[in-house]
Amino acid sequence: MNKIMEYGQDILESPTYLRQKHYIQHGKVSVYEHCLNVSKMCLFLASVLHLHVDERALVRGALLHDYFLYDWHEPGHSWHGFTHPEAALENACRDYQLGDIEKDMIKKHMFPLTVVPPRYKESVLITIADKLSAIDETIHRY
């Protein structure tokens with residue numbers, strides 16, 4: 001959690017970001033908690049795979065990957081799995097300074113639903129970490 005706070009404290013303490021605590025992502029897990037879980041999983045995977053990554057970009061991209069700021073369970077969001085990366089990217093670009101790695105992570109974290117594959121190893125890590133976290137949150141915490 002130290003690296004997450006070191007690189008993402010400004011995000012985690014932002015009033016707009018904190019709204020995610022009120023939206024459920026998987027099971028009973030909020031979007032806020034899910035993004036923390038994905039950040040931890042990204043760092044873990046990078047470590048066990050001995051990958052040289054941009055840790056700051058990895059943490060910040062993971063924290064912002066689901067920054068879509070709506071309740072996707074409400075009517076009108078039936079294509080959420082396909083469309084939320086663009087919404088998250090638009091919101092993240094509006095509220096934070098992002099580099100190419102963070103943008104790619106947010107935009108492509110749902111690959112293969114997003115047809116264009118990830119460009120950076122950090123983006124590949126988040127596609128894996130997001131799915132592993134979603135499985136854990138749905139099965140073990142539901």
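**Exercise 1. Locate His-50 in this predicted model, and decide whether the residue is buried or exposed.**

Solution. Next, look at the backbone, where His-50 has a positive phi of about 55 degrees although it is not a glycine. Finally, take the relative accessible area, which is 71% for His-50; since exposed means over 50%, His-50 is exposed.

**Exercise 2. Determine how many helices and strands the protein chain has, and in what pattern they follow along the sequence.**

Solution. Counting the elements gives 7 helices and 2 strands, and reading along the sequence gives the pattern α-α-β-β-α-α-α-α-α. The radius of gyration of the chain is 14 Å, close to the 14 Å that the globule rule gives for 142 residues, so the chain is as compact as a globular protein of that length. Along its principal axes, the C-alpha trace spans about 40 × 30 × 30 Å. Two further values complete the overall picture: buried residues make up 49% of the 142 residues, and, among contacts between residues at least 6 apart in sequence, 59% join residues at least 24 apart.

**Exercise 3. Describe how helix 3 and helix 7 pack, giving the angle and how far apart their axes are.**

Solution. Helix 3 covers residues 31-48 and helix 7 covers residues 121-140, and they pack at an angle of about 125 degrees with their axes 8 Å apart. The crossing of helix 3 past helix 7 is right-handed. To see which residues meet, look in helix 3 for His-34, Asn-37, Val-38 and Met-41, among others, and in helix 7 for residues including Leu-125, Ile-126, Ile-128 and Ala-129. Sorted by class, the residues of this contact divide into 11 nonpolar, 3 polar and 2 charged.

**Exercise 4. Carry out the analysis of packing for helix 4 and helix 6, and state the handedness of their crossing.**

Solution. The axes of helix 4 and helix 6 come within 8 Å and cross at roughly 35 degrees, and helix 4 passes helix 6 in a right-handed crossing. On the side of helix 4, the residues that take part are Arg-56, Ala-57, Leu-58, Arg-60, Gly-61, Ala-62 and Leu-64, and these meet Ile-101, Glu-102, Met-105 and Ile-106 in helix 6. By class, this contact has 7 nonpolar, 1 polar and 3 charged residues.

**Exercise 5. Decide for Gln-20 and for Lys-108 whether each is buried or exposed, and list what each touches.**

Solution. Take Gln-20 to begin with, which is found in the loop between helix 2 (15-18) and strand 1 (24-26). Its relative accessibility is 1%, so Gln-20 counts as buried, since buried means under 20%. Leaving aside neighbours within four places in sequence, Gln-20 is in contact with Ser-30, Val-31, Tyr-32, Cys-35, Asp-66, Tyr-67 and Leu-69. Turning to Lys-108, which lies in helix 6, the relative accessible area is 12%, and Lys-108 is therefore buried. Not counting residues up to four places away in sequence, Lys-108 touches Thr-114, Val-116, Pro-117, Pro-118, Arg-119 and Thr-127.

**Exercise 6. Find where Pro-112 lies, and state the form of the peptide bond from Phe-111 to Pro-112.**

Solution. Pro-112 is found in the loop between helix 6 (100-108) and helix 7. The peptide bond that leads from Phe-111 to Pro-112 is cis, with omega near 15 degrees.

Technical notes: Residues are numbered from 1 along each chain as its sequence is written. This is a predicted model: local features need pLDDT of at least 70, side-chain atom pairs count only at pLDDT 80 or more; totals for chains, interfaces and linings use all residues. Side-chain values use heavy atoms; hydrogens and water are left out. Axes are lines fitted to C-alpha atoms, for helices over the stretch in contact, and angles run from 0 to 180 degrees between N-to-C directions. Helices (H or I, at least four residues) and strands (E, at least two) are DSSP runs, numbered from the N terminus. A crossing is left-handed if the near helix is turned anticlockwise from the far one by less than a right angle, and right-handed if clockwise. Contact means heavy atoms within 4.5 Å. Ala, Val, Leu, Ile, Met, Phe, Trp, Tyr, Cys and Pro count as nonpolar, Asp, Glu, Lys and Arg as charged, and the others, Gly among them, as polar. Buried means under 20% relative accessible area, exposed over 50%, partly exposed in between (1.4 Å probe, protein chains only). The radius of gyration is taken over C-alpha atoms; the globule rule is 2.2 Å times the number of residues to the power 0.38.
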